[in-house]
Amino acid sequence: MSHLFILLFIISLYALSLSDDRKGYRVFLIALFLHLLYVLYRTFHLGHPPITDKFDILLSAGLLTGLYQLYLKRRWIREAGYLYLLPVLFVFLALFQERIDTISSSMNSSWFYLHAGLLVIALSLLTTGSVIGLLYLKNSEHTFELLQYRITLAGWLFFSLSIIAGSIWFFLAQGVYWLWTAKELWLTITWFYYSLYLHGRYVNFLKGERAAEIGVAGVFVLFFSYLGVTPILGSPWTQF
Amino acid sequence: MLRLLKSIKTALVILFLSITVFVAGSIYIPRNLSLFSDINDIPLFRWLSLNYSSIGKTFWIYLAIFLMAARGSEKICEREIYNVSLLPKQIERCFSNRHKASGFRE
């Protein structure tokens, strides 16, 4: 129960930071600091990086999106607006996930930690890219569209590396690189989707608003493949 | 043919079709668990030959294999766009000589 209150408090602070840009930024920093403390607490409590279940992965990815904003706000985006909502989204989604403090012996592998760690970075970058795409659609400032493309490209690279590391880990743990399940197929669909967007954008086949919209829509594919496939399509349950 | 394979639009079409085929697969697998229960236990082509009679439910795997092969070929041939050569130099030279001989312009 106390976890729920702490997370709701962090969400409230993040939400309050939307009210006024200058004061809001300070509140945002406080929320981010508390968020960081909570992730550190989870790390010490678990005894390993907090990336072994969906609850911790979402919290860690949310923290990263918050940290990116410190850079983005200083260098690129003066009025962050929607960006403040990103950690809220992640913490809110984490509330609905089961908190699992144990890991199986097969998961206790450096390849697994590499896979999950890269996935956390990819999740945070791809969602940040989508929200910057929203900012572009709202303000029509071309820098945002370029920024969306570059951040999504970085996220896609981490996502690709995560898939490779995950395949190696699974081969070492179970003897196969790939499983024919809806979950794996949707992870591949997500990879294809972002490949489509990045290829199209690279050769200017997709430009301007259309490119931004397709990039923004990617976040739905991403979250469906991560959180929606198991309950909706009936794929086998996974801890992470 | 080479021009078609080199086109980035071909890559986009292949990616779009791959997404469609994989979405179909993600719907077929959970609805036919008894059929797909041993797909991860034996090599894929052996599994496909054993379950040839259920092609109505496994057609998307054949399509996925074809699309992956097409994507691989396209990737090798699109070297000019990314300025990266994946072909052995001899084969590449053979292509470029043939283009010169036939007046092929890119």
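Biologist: Buried area is the accessible area (1.4 Å probe) that two parts lose on being put together, summed over both. How much of it lies between chain B and chain A?

Modeller: About 2,000 Å² is buried between chain B and chain A, and carbon and sulfur atoms give 83% of that area. Please note that this is a predicted model: local features need pLDDT of at least 70, side-chain atom pairs count only at pLDDT 80 or more, and totals for chains, interfaces and linings use all residues. Residues are numbered from 1 along each chain as written, chains are lettered from A and ligands numbered from 1 in written order, and side-chain values use heavy atoms, without hydrogens and water.

Biologist: Which residues in chain B lose the most area to chain A?

Modeller: Those are Leu12(B), Phe22(B) and Asn40(B), which together make up 28% of what the chain B side buries.

Biologist: And how many residues does the contact take from each chain?

Modeller: Chain B provides 25 residues and chain A provides 21 residues, where contact means heavy atoms within 4.5 Å.

Biologist: What is the count of salt bridges between chain B and chain A?

Modeller: That count is zero; a salt bridge is a side-chain nitrogen of Lys or Arg within 4 Å of a carboxyl oxygen of Asp or Glu.

Biologist: Which helix of chain B gives the most to the side that touches chain A?

Modeller: Helix α2(B) gives the most, with 15 residues. Both α2 (8-31) and α5 of chain B supply at least two residues each to that side. Helices are DSSP runs (H or I, at least four residues), numbered from the N terminus.

Biologist: Changing topic, how many helices does chain B have?

Modeller: Chain B has seven helices and zero strands. Of its 106 residues, 37% count as buried, a word that stands for under 20% relative accessible area, with exposed over 50% and partly exposed in between (1.4 Å probe, protein chains only). Among the contacts in chain B with a separation of 6 or more, 55% come from residues 24 or more positions apart.

Biologist: Where is Thr58(B) found?

Modeller: Thr58(B) belongs to helix α5 of chain B, which covers residues 55-77.

Biologist: Why does Thr58(B) count as buried?

Modeller: Thr58(B) counts as buried because its relative accessibility is 1%. Apart from neighbours within four places in sequence, Thr58(B) is in contact with Leu35(B), Phe36(B), Trp47(B) and Asn51(B).

Biologist: Which residue does Asp101(A) meet in a salt bridge?

Modeller: Asp101(A) meets Arg42(A), at 2.9 Å from N to O. Asp101(A) is in the loop between α4 (85-95) and α5 (110-139) of chain A, and 59 residues separate the pair. Asp101(A) counts as partly exposed because its relative accessibility is 35%, whereas Arg42(A) is buried at 1%.

Biologist: What does Arg201(A) form a salt bridge with?

Modeller: Its partner is Glu145(A), with the closest N and O atoms 2.9 Å apart. Arg201(A) lies in helix α7 (residues 182-202) and Glu145(A) in helix α6 (residues 142-174) of chain A, so the pair ties together parts 56 residues apart in sequence. Arg201(A) is buried at 12% relative accessibility, and Glu145(A) is buried at 7%.

Biologist: Which residues do shared partners join into one network?

Modeller: Arg42(A), Asp56(A) and Asp101(A) are joined in that way.
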